[in-house]
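Subject: Structure for you to look at

Hello,

I am passing on the structure we talked about. Please open it first, then read the notes below it.

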Amino acid sequence: MNSTENKFSNRRTFILAAIGAAVGLGNIWKFPYIVGEHGGGAFILIYLGAILVTGIPIFMAELYIGKRERTDVVSAFPKKSAWFGIGPFSVISTILVLGIYSVIGGWVLDFEFQSIMGEFSPSNPDLEIIPPQDGGLGKQILWTGLFYILCIAICIGGVQKGIERASKILIPVLILLILVLAVRSLFMPGVGEATDFLFLPDFSQLTREAIVEAIGHAFFTLSVGFGAILTYGSYLPQGSQPLPRMAITVAVADTFIAMLMGFIIFAIGYSHTGFEPAAGPALLFETLPNLFGETAAGYFLSIAFFTLVAFAALTSAISMLEIVIAVVQKYSGLNRLWTTLICGTFMFGASALVIAYYEETFDFVDDFTSNYMLPAGGIFMSLYVGWRLGPAAVKDIVGDKHPGLSSGLLWILRLVAPIAVAGVVLNGVI
Ligand code: PHE
């Protein structure tokens, strides 16, 4: 596990990979539509608060556990204690989330292919968009299978030759595509309405459900509460690392990209009459492709858009697959190649079940994992570092120079974050 192969080359490549894990369908697919459903700016404020008070501290805690233990999410917690349960719990969350995530990854590849074929271009007179979940079982299984083949191809290479290399290529291209689309959106007539919608808070829309969703999403978008950050943290090179700075860099990049995506999507949306911002998941797979069909240069826009979504989905999915690979490799003793093939095939089977039983599984698993399991995973990790590893660990995270910060973080991890998250989640249940 600890060979140089299984380490990031340096802090910078770790940050790229962590941004890759964080920036995903959550930023592009989910964030814009939950903002749309919950009334815009007021929701964003709650979300930013959740990132600050719970997301970033727990990100640091998770990263710290990985860096300290240098092992997979199951072996990282002490055996024969209740804390041990955190590992298997994280693996179950990961399998559930990756199971549905890759189905959407398959839809994205399908839509990317359709873009390249000119389906969503203004020159296609008979544009007819079939919602991806109605696209037929065989077709969805095929695209999801292809998505897994890409994930497996990356993960087989291990940390440096797989995850790191892929992140070094995919993340810069992804950021470039986002910037190009953002600049293009600035010149669309819907810019004013889009910024009003995104940034003007409407507190009347802040329901309890919206608050639960904002906190759940803060976890999901930063990839905390799963073990992904822990697993990547276990591959950090030796030496002292300013963990807070890494966590803040990833959180800022992730939030910035989510905002830009929201801006791009709503700017395109509001440039057309009859745009429905609360269209839900259909925003990405129905509304937008339709709008590309009515926009000048829609052909290129649609290709750029779905390419960036595919890259974002891929770099996140590999971080989830890596959690499972690290655990299975540790406990089976198999080599990287076989472990990756076995885990990838198993996960493909799980996703095929989701496709086959879409109505019964998809929304339920999505809600249950991001609104309950991930916050619970995050609370466990927070409590573990705050109480079990205690003040010495927190001092290790923050460094000696900032005693005030260190006791602040200790109490955030011990009490503030767990109570805030648990309170809100329970509030949603009761
Ligand atoms: N953060 C990713 C997103 O926003 C999802 C993810 C969760 C990835 C957990 C890895 C681990 O899409």
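A polar contact here is a pair of N or O atoms within 3.5 Å. By that cut-off, a nitrogen atom of the ligand reaches a polar backbone atom of Ala21, at 3.3 Å. Please keep in mind that this is a predicted model.

Ser223 has a polar side-chain atom 3.0 Å from a nitrogen atom of the ligand. In the side chain of Asn27, an N or O atom lies 3.3 Å from an oxygen atom of the ligand.

How much of the ligand's accessible area does the protein cover? On its own the ligand has 320 Å² of accessible area, and the protein covers 100% of this. The largest cavity is the space that the ligand takes up.

Around the ligand there are 15 residues, and the closest are Ala22, Gly26, Tyr101, Phe220 and Ser223. By type, the shell has 8 nonpolar residues, 7 polar ones and no charged ones. Two or more shell residues come from each of α1 (11-22), α2 (25-37), α8 (208-222) and α12 (298-332).

Now the aromatic rings. The structure contains 30 aromatic pairs. One of them is formed by Tyr101 and Phe220: the ring centres are 6.3 Å apart and the planes stand at 50 degrees, so this pair counts as tilted. Because Tyr101 belongs to helix α4 (residues 86-116) and Phe220 to helix α8, the pair ties together parts that are 119 residues apart in sequence. Both Tyr101 and Phe220 are also among the closest residues to the ligand.

Regards

Conventions
Residues are numbered from 1 along each chain as its sequence is written. This is a predicted model: local features need pLDDT of at least 70, side-chain atom pairs count only at pLDDT 80 or more; totals for chains, interfaces and linings use all residues. Side-chain values use heavy atoms; hydrogens and water are left out. A residue is near a molecule or strand if one of its heavy atoms lies within 4 Å of it. A polar contact is a pair of N or O atoms within 3.5 Å; within protein, one must be able to donate a hydrogen and the other to accept it, and residues adjacent in sequence count only if both atoms are side-chain atoms. Accessible areas come from the Shrake-Rupley method with a 1.4 Å probe; for residues, only the protein chains shown count as cover. On a 1 Å grid over the protein atoms alone, a cavity is a set of points where a 1.4 Å probe fits but cannot get out, and a pocket is an open set with protein on both sides within 12 Å along at least five of seven lines; lining residues have an atom within 4 Å of a point. A molecule sits in a cavity or pocket if more than half of its atoms lie within 2 Å of its grid points. Helices (H or I, at least four residues) and strands (E, at least two) are DSSP runs, numbered from the N terminus. Ala, Val, Leu, Ile, Met, Phe, Trp, Tyr, Cys and Pro count as nonpolar, Asp, Glu, Lys and Arg as charged, and the others, Gly among them, as polar. Rings of Phe, Tyr and Trp (its six-membered ring) pair if their centres lie within 6.5 Å; planes under 30 degrees apart count as stacked, over 60 as edge-to-face and the rest as tilted.
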